[in-house]
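Here is a friendly walk through some side-chain contacts and backbone details. Have a look at the model first, and then read on.

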Amino acid sequence: MTKLTLGSHPFLLGFDQLERLVERTAKSGNDGYPPYNIEQRGENAYRITLAVAGFADADLSITVEDRQLVIRGKHRDDDDARVFLHRGIAARQFQRSFVLADGVEVAGASMEHGLLHIDLKRAVPDSVVQTIRINSAKAEQ
């Protein structure tokens with residue numbers, strides 16, 4: 001029995017990158033921190049919201065790397081002068097990744113009440129109809 005891959009099936013021509021995409025997504029290993037929501041805000045608009053209480057704008061970075069949206073958070077080390085009797089608020093660094101489909105772009109980001117909102121939009125491609133001319137075998141000789 002041979003292993004069926006996306007690139008080997010005759011109906012899935014050009015989808016060989018999809019298999020690599022699935023592997024990359026599985027390896028991202030997000031541990032659940034920080035918690036997040038994904039909502040659809042229109043036919044071609046989405047919003048990712050991360051709960052980043054305690055992080056300032058300067059503590060966060062948002063990048064798109066090879067169709068992967070990466071949000072990183074790192075607190076500045078200003079806790080040396082503080083003495084905690086109990087520390088229940090998570091203050092650890094994080095990295096959260098989301099794989100973006102082709103045509104999905106980051107439209108903007110904002111912070112509000114400890115929530116980081118990242119707005120995404122899908123560009124609607126123009127419908128293209130292409131007619132392919134059929135050459136006869138006699139004309140090529």
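## Thr 49 and its surroundings

The side chains of Thr 49 and His 117 are joined by a polar contact of 3.0 Å. A polar contact here is a pair of N or O atoms within 3.5 Å; within protein, one must be able to donate a hydrogen and the other to accept it, and residues adjacent in sequence count only if both atoms are side-chain atoms.

A word on the source: this is a predicted model, in which local features need pLDDT of at least 70 and side-chain atom pairs count only at pLDDT 80 or more, while totals for chains, interfaces and linings use all residues. Residues are numbered from 1 along each chain as its sequence is written, and side-chain values use heavy atoms, with hydrogens and water left out.

Thr 49 belongs to strand β2 (residues 45-51). Helices (H or I, at least four residues) and strands (E, at least two) are DSSP runs, numbered from the N terminus. With a relative accessibility of 8%, Thr 49 counts as buried; buried means under 20% relative accessible area, exposed over 50%, and partly exposed in between (1.4 Å probe, protein chains only). Not counting residues up to four places away in sequence, Thr 49 touches Pro 35, Tyr 36, Asn 37, Glu 39, Leu 115, Leu 116 and His 117, where contact means heavy atoms within 4.5 Å.

## Aromatic rings

Rings of Phe, Tyr and Trp (its six-membered ring) pair if their centres lie within 6.5 Å; planes under 30 degrees apart count as stacked, over 60 as edge-to-face and the rest as tilted. By this rule there are 3 aromatic pairs. Two of them are listed here.

| Pair | Centre to centre | Angle between planes | Type |
|---|---|---|---|
| Tyr 33 and Phe 94 | 6.0 Å | 90 degrees | edge-to-face |
| Tyr 36 and Phe 98 | 5.1 Å | 85 degrees | edge-to-face |

Tyr 33 sits in the loop between α1 (16-27) and β1 (36-42), and Phe 94 in strand β5 (residues 94-99), so this pair links distant parts of the chain, 61 residues apart. Both Tyr 33 and Phe 94 are buried. Ring pairs also join Tyr 33, Phe 55 and Phe 94 into a cluster.

For the other pair in the table, Tyr 36 is in strand β1 and Phe 98 in strand β5, so parts that are 62 residues apart in sequence are tied together. Tyr 36 is partly exposed, at 37% relative accessible area, whereas Phe 98 is buried, at 10%.

## Arginines

A charge sits over a ring if NZ of Lys or CZ of Arg is within 6 Å of the ring centre and within 35 degrees of the ring normal. The charged end of Arg 92 is placed over the ring of Tyr 33, 4.1 Å from its centre. Arg 87 lies over the face of Phe 84, at 4.3 Å from the ring centre.

Arg 122 is part of strand β7 (residues 115-122) and is partly exposed, with a relative accessible area of 32%. Leaving aside neighbours within four places in sequence, the contacts of Arg 122 include Asn 44, Tyr 46 and Asp 102.

## Backbone details

Most residues other than glycine have a negative phi, and most peptide bonds are trans. Which form does the peptide bond from Tyr 33 to Pro 34 take? This bond is cis, with omega near -5 degrees, and Pro 34 lies in the loop between α1 and β1.

Asp 66, which is not a glycine, has a positive phi of about 55 degrees. Asp 66 is found in the loop between β3 (60-65) and β4 (68-73) and is exposed, at 62% relative accessible area. His 113 also has a positive phi of about 55 degrees; His 113 is located in the loop between β6 (104-112) and β7 and is exposed, at 77%.
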